[in-house]
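Keep the sequence and the 3D view open while reading.

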Amino acid sequence: MGSLISSEAAKQKDAAGQIFTLMYTVQLNLSSRLPNSPENDMSAQTPTSEYLRNALAEAEADYVRANPESEAQFRKAEHSLPAGNTRSSLFYGPFPLTMARGEEASLWDLDGHKYLNFLSEFTSGIFGHSHPHIVAEMRAAIGDGLNLSSHTTGEANLAAAICDRFECFDKVRLTNSGTEANIMAMVTARVVTGRDKIVVFKGGYHGGPLTFVGGASVGNVPFDFLYGRYNDLEATLTTINPHAEDIAAIVIEPVLGAGGCIPGDRAFLTGLQQWCHTKGALLIVDEVQTARHHAGGLQPVLGLKADLTTMGKFIGGCMPIGVFGGRADIMMRFDPRHPNTLAHAGTFNNNVMTMRAGLAGLTQVYTPDEAERLTALGDDFRNRLNTIAEVCGAPVHVTGVGSIMNIHTQSGPITFAEQVAQENKELKDLLFFEFLAHGIYYAKRGLVALNVCHTQVDLDRFADTFKRILTKHAPLWRELEGQAA
């Protein structure tokens, strides 16, 4: 595989300049590369329902009445932030809640309401709020001084722990986010192979400027992308085979995260791996979310070992981090003592807060045994929710793996990204506001993520609330079933 590394000087690019350009340039017309023809338009044709419209209007009105302080804060924030917001994923209408504090698995908003936090910072908050082991390490880091302008023992200790835990890594580099890690992995693949095209998947998400949920975002970085169909190996190979000699890498999530928590089929994933090995492309596996599943992420479970892997989220112990790495021969391109070095800088790549918090989280809190426990707990919980939905006769299904899952407002199974476009959005909104009224917080799109502070009592409360809501709206299920018939 070392032959993939080109020795031709003409193929070498100014890597530092390329990285800067790719990270800060947007491709304003990229979406035109992913046509949404009528035959591929899987948009939902959900039945209209006066009952549903009235129930949603009532739930939203109750929400507005209950949260005057959050609304006032939102209006204030609008003066300096577009829509009062600096994280698009957190915005929802009529206005989002503003949280004031958190403790263990609970949140309190500005109006004093307490919620069980089942969003868990979009999976990053696996440690709950202010875990004592992590807080102790962060205080120690502050005591020793911030921003030390040098190598530190912290970065070496954290990197060693990551490589020991995850067999996909021979060596790693640290960044500030999963987004940065994915961009760097793609840059690395392009330089190492001397090729330009990157294969991604409709419904995939690899960071803000690498968004393919519902089609390519106009704000994506300007790589030359090809688009496969997730969980459809035959269709994907039909698309990419004509371009095999130009493909630098296939980038894949073992579970579509933002695309609806759709698990990847093992044969599909291993088929892509074999194609890469045969065609000389690199396989990049994005485990930014799924690294929490099992002791060593999902790759060993699925029979995968990527050329490059990216991680983030919980690896930083609740502080910003991204990780990319893999085969030693590829990662040695970042050794400045070697010719044709690939540059990778970043002021906060080795910031002492993340290094200390990440090491404590990985070795003291979210140990391999704890990872197995939480994964099994999540699988049981998801199955429990699906049983409740089936018994209630509701068109609701929960997908996912382990401790990360997504509530869908359609019946299962859900195996393809385009199925998510068939969601009944009004019903999904109704469930969200009803759960909030019962003191349970998750993502409005349906994402639910467990953390280590959740107890069985917490899961029972969620399940009981789920059953109560679905039972309350039994007339709606009968109405929707009649319309479908």
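Two strands count as paired if DSSP finds at least two bridges between them. The model is predicted. With that rule, 3 strands form an open sheet in the order β13-β14-β16, and the pairing is antiparallel.

- The edge strands are β13 (397-401) and β16 (447-449), and each pairs on one side only.
- On average, neighbouring strands of this sheet are turned by 25° against each other, direction ignored.
- Strand β14 covers residues 404-408 and is joined to β13 by 5 bridges.
- These two strands, β13 and β14, run antiparallel.
- Across this pair, Ile407 in β14 stands opposite Val398.
- Strands of a sheet pair through backbone hydrogen bonds, either parallel or antiparallel.

- Strand β2 (residues 106-109) and strand β3 (residues 114-117) run antiparallel and are joined by 3 bridges.
- Leu107 has Tyr115 in β3 as its bridge partner.
- The two strands β2 and β3 form a hairpin, with 4 residues between them.
- Gly112 lies in the turn and has a positive phi of about 85°.
- Strand β3 is also joined to strand β15 (residues 440-441), by 2 bridges, and this pair runs parallel.
- Here Tyr441 in β15 stands opposite Asn117.

**Helices α4 and α11**
- The axes of helix α4 (residues 132-144) and helix α11 (residues 352-365) come within 8 Å and cross at roughly 150°.
- Angles over 145 degrees count as roughly antiparallel, so α4 is roughly antiparallel to α11.
- The crossing of α4 and α11 is right-handed.
- From α4, the contact residues include His133, Ile134, Glu137, Met138 and Ala141.
- From α11, they include Val352, Met353, Arg356, Ala360 and Gly361.
- By class, the contact of α4 with α11 has 10 nonpolar, 3 polar and 3 charged residues.

**Lys428**
- Lys428 is part of helix α13 (residues 425-437).
- Is Lys428 buried or exposed? Its relative accessibility is 11%, so Lys428 counts as buried; the cut-off for buried is under 20%.
- Leaving out residues up to four places away in sequence, Lys428 touches Asn406, Ile407, His408, Thr409, Glu423, Lys444, Arg445 and Gly446.

Note on methods
Residues numbered from 1 in each chain as written. Predicted model: local features only at pLDDT ≥ 70, side-chain atom pairs only at ≥ 80, totals over all residues. Heavy atoms only, no water. Buried < 20%, exposed > 50% of the residue type's maximum accessible area, 1.4 Å probe, protein only. Contact = heavy atoms within 4.5 Å. Axes fitted to C-alpha atoms, helices over the stretch in contact; angles between N-to-C directions. Parallel < 35°, antiparallel > 145°, perpendicular 65-115°, else oblique. Left-handed = near helix turned anticlockwise from the far one by under 90°. Nonpolar A, V, L, I, M, F, W, Y, C, P; charged D, E, K, R; others polar.
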